[in-house]
Amino acid sequence: MPRVLRNANATNRLEDTMSKYSDIIDLPHHVSATRKPMPMKNRAAQFAPFAALNGHDDAINETARTTCQKIDLSETECEYMSKVLSHALDTGAEVRVTYFNPDCRKSGGEYLSACGVVRKIDEYDRMLVFDSGLAVPLDNLYNIETGISGSES
């Protein structure tokens with residue numbers, strides 16, 4: 001029997017609500033003659049969730065982003081790479097270098113590779129310059145391979 005009372009109460013509330021708006025309930029939907037209707041995309045955007053803290057998601061993603069630490073090479077490895085670079089510069093051979101690219105936002109960075117023909121070694125700025133214009137800091141070199149056929153990556 002309590003269910004019947006609940007349904008009766010709901011029916012009474014619906015009738016009360018309908019009676020409040022009985023004067024307008026059957027009127028046609030108003031369409032403005034002077035204004036264009038808002039596009040559905042913009043109407044939907046009114047109800048889209050918003051970010052209460054601007055940049056919060058970006059900060060979380062930045063914190064989660066991983067970097068690796070720079071590996072320091074031995075003196076022997078540096079001398080070997082210097083000889084390989086000099087030979088590549090003299091012969092015009094194509095090389096692939098792996099180098100450390102420091103991260104501008106947090107400690108560490110990432111290792112990148114580049115291929116190309118060495119145009120010059122800038123001793124003053126300590127840069128390795130490829131014929132494509134790419135300049136790599138000599139102090140950040142990690143590995144050099146010669147005899148590579150392919151393009152810059």
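Tutor: A helix is a DSSP run of H or I with at least four residues, a strand is a run of E with at least two, and both kinds are numbered from the N terminus. Thr98, for example, lies in strand β1. The structure is a predicted model, in which local features need pLDDT of at least 70 and side-chain atom pairs count only at pLDDT 80 or more, while totals for chains, interfaces and linings use all residues. Residues are numbered from 1 along each chain as its sequence is written, and side-chain values use heavy atoms, with hydrogens and water left out.

Student: How many helices and strands are there in the protein, and in what order do the elements run from the N terminus on?

Tutor: The protein has 4 helices and 5 strands. Their order from the N terminus is α-α-α-α-β-β-β-β-β.

Student: Is Thr98 buried or exposed?

Tutor: A residue is buried when its relative accessible area is under 20%, exposed when it is over 50%, and partly exposed in between, using a 1.4 Å probe and protein chains only. Thr98 has a relative accessible area of 17%, so it counts as buried. Across the 153 residues of the protein, 18% count as buried.

Student: Leaving aside neighbours within four places in sequence, which residues is Thr98 in contact with?

Tutor: Contact means heavy atoms within 4.5 Å. With those neighbours set aside, Thr98 touches Tyr111, Leu112, Ser113, Asn140, Leu141, Tyr142 and Asn143. For the protein, take the contacts with a separation of 6 or more: residues 24 or more positions apart account for 54% of them.

Student: What span should helix α4 have?

Tutor: The expected span is 1.5 Å times one less than the number of residues in the helix. Helix α4 covers residues 75–91, which is 17 residues, so it should span 24 Å; its end C-alpha atoms are 25 Å apart, in agreement.

Student: Which residues of α4 are buried, and what do they pack against?

Tutor: Met81, Val84, Leu85 and Ala88 are the buried residues of α4. Directions from the helix axis to the C-beta atoms define an arc. Viewed down the axis of α4, the buried residues fall within an arc of 100°, so they line one face of the helix. They pack against β1 (94–102), β2 (109–122), β3 (127–130) and β5 (141–146). The face turned away from this buried side carries the exposed residues Glu75, Thr76, Lys83 and Asp90.

Student: Where is there a positive phi?

Tutor: Most residues other than glycine have a negative phi. Just after α4, Gly92 takes a positive phi of about 75°. Arg126 is a residue other than glycine, and its phi is near 55°, also a positive value. Arg126 lies in the loop between β2 and β3.

Student: How many salt bridges does the count come to?

Tutor: A salt bridge is a side-chain nitrogen of Lys or Arg within 4 Å of a carboxyl oxygen of Asp or Glu. By this rule there are 4 salt bridges. Arg65 forms one with Glu62, where the closest N and O atoms are 2.5 Å apart. Arg65 also meets Asp103 in a salt bridge, at 2.4 Å from N to O. That pair links distant parts of the chain: Arg65 is in the loop between α3 (56–64) and α4, Asp103 is in the loop between β1 and β2, and the two are 38 residues apart. Glu62, Arg65, Asp103 and Arg105 are linked in a network of salt bridges.

Student: Which residue meets Arg126 in a salt bridge?

Tutor: Asp139 does, at 2.8 Å from N to O. The pair joins distant parts of the chain, with Asp139 in the loop between β4 (135–137) and β5, and Arg126 13 residues apart from it. Asp139 has a relative accessible area of 47%, so it is partly exposed. Arg126 is partly exposed too, at 36%.

Student: Which residues make the nonpolar surface patch?

Tutor: Patches are made of residues with over 30% relative accessible area and no salt bridge; like charges are joined within 9 Å, and nonpolar side chains (Val, Leu, Ile, Met, Phe, Trp, Tyr) within 5 Å. Accessible areas come from the Shrake-Rupley method with a 1.4 Å probe, and for residues only the protein chains shown count as cover. Leu14, Met18, Tyr21, Ile24, Ile25 and Leu27 make a nonpolar patch of about 610 Å². Met18 sits in helix α1 (residues 2–20) and is partly exposed, with a relative accessible area of 42%. The protein exposes about 12400 Å², of which carbon and sulfur atoms supply 54%.
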